Amino acid sequence: MIFETWWLLALPLIFGLGWMAARFDARQLMSEQGALPRSYFKGLNFLLNEQPDQAIDAFIEVVRLDPETTELHFALGALFRRRGETERAIRVHQNLASRQDLPDAEREHALYELGQDFLRAGLLDRAEESLRRLMSGPYAAPAKHVLLELYEVEKEWKKAIDAARELQPLEQKDYSVQIAQFCCELAQDALQRKQPDDAIGWLQQAARENPANVRAPMLLGDVAMAAGDAQGALGHWLGIEKQDATYLPLVADRVVKAYRQLGDDGRALEWLRGLLKTNLAAELLDSAYRAELEQHGAHAAAVLMREQLRRQPSLQALTKYFEAQAAEVAQASVAVTANAADVADGEPAGCAHDVEHEQEVSAIRDLLQHRTRNLARYTCRECGFRARLFYWQCPGCNRWETYAPRRSEALG
Ligand SMILES: [Zn+2]
């Protein structure tokens, strides 16, 4: 390999260039630092000394002298809002939004941030006012999104429907699930105002918006039932099976009530017994147990739960079985006591044994009830929030229809 002598010349040249580049960078940095107004350092100092209000004043002065530093303000505003200091975030963003010399894009950005600050501070009217000023431009879609959240918080369902419709093309997203739910909310409002015709109108619209919506037929059934039309109510509720059978357990008790009103308790029990053979059994145990107990007594309920235990063993079925057993033993004991009262003097044979058995069964029932009481919970698919009641809108993440109508068990 031949040693290339020109390398000897190139090396010092490269070092020289490197040294010059470093000096150039340092000089540029120094000149940039020199260009920053003194208020910037004053503000930084206040911020580091945990004097945020004085810091804001200093930074507002910076942006007056040098409009290029708006990014600093947005960062500061976002920081305050994240820390829950909404008043300070509002001050920073308000200052930006009111500056006429800022480019439109930055002022719109400030209005958007301001809307979120007001929302966070619970000043809903002012949030709406800020966001409504952004109906075009790059912040139109995110602003409408925040407006939609705001209308949901305010329960302004008609405005929510309009906002969702406007968002659909902007976000290329289907909002039919939400719109149908907003119609159902309007129907519920109408029912509270005792205006069933209005409610029916909204529910029919909900079904048109989203034919898979189950809440609409549930509520239509309630309206029919309230009007004394049990047969009509059954039509709506049993029709849910065709939409999505997993929602049937949510209407099980209403179906039982409607059949009872029609004087056909037997049909309700037949319907429930049939469903106990399906994969919906776990959700229907309570309803089936109660219907059997009321119609045929504790012994029949115990037999039904024993059958269920053989078919699909579960802690819930075992609990119900012991509930029925305890009820049966208690009934027998009442009968024995009544008989004993008839027999003059002397305890009937086997009484001590019965009491012992009754106590044993009750103890097992109590233990099982204690173990299973908080076992089953509806769980949000999105955020995992667990709830004893079924919600159409998750209280944890505010999303719609994220709860499966099936409770899941989690042993703590
Ligand atoms: Zn959730």
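In this predicted model, the zinc ion is held by the protein donors Cys380 (SG), Cys383 (SG), Cys394 (SG) and Cys397 (SG), which lie 2.3 Å from the ion. Donors are N, O and S atoms within 2.8 Å of the metal (3.2 Å for Na, K and Ca), and water is not among the atoms, so sites may look incomplete. Along the chain, the zinc donors follow the spacing C-x2-C-x10-C-x2-C. The site is tetrahedral, with angles of 104 to 113° among the four donor atoms; for four donors this term requires all angles between 85 and 135 degrees.

Residues are numbered from 1 along each chain as its sequence is written. Local features need pLDDT of at least 70, side-chain atom pairs count only at pLDDT 80 or more, and totals for chains, interfaces and linings use all residues, while side-chain values use heavy atoms, without hydrogens and water.

Helices are DSSP runs (H or I, at least four residues), numbered from the N terminus. The axes of α6 (residues 104–121) and α8 (residues 140–154) come within 10 Å and cross at roughly 15°. Axes are lines fitted to C-alpha atoms over the stretch in contact, and angles run from 0 to 180 degrees between N-to-C directions. α6 is therefore roughly parallel to α8 (angles under 35 degrees). Tyr112, Gln116 and Leu119 of α6 contact Pro142, Ala143, Val146, Glu149 and Leu150 of α8 (heavy atoms within 4.5 Å).

The axes of α15 (residues 265–276) and α16 (residues 281–311) come within 8 Å and cross at roughly 25°. This makes α15 roughly parallel to α16. Contact residues include Leu269 and Leu272 in α15, and Leu284 and Ala288 in α16.

Notes
Helices (H or I, at least four residues) and strands (E, at least two) are DSSP runs, numbered from the N terminus. Angles under 35 degrees count as roughly parallel, over 145 as roughly antiparallel, 65 to 115 as roughly perpendicular and the rest as oblique. Four donors count as tetrahedral if all angles lie between 85 and 135 degrees; four count as square planar and six as octahedral if opposite donors are over 155 degrees apart and all others between 65 and 115; anything else is irregular.
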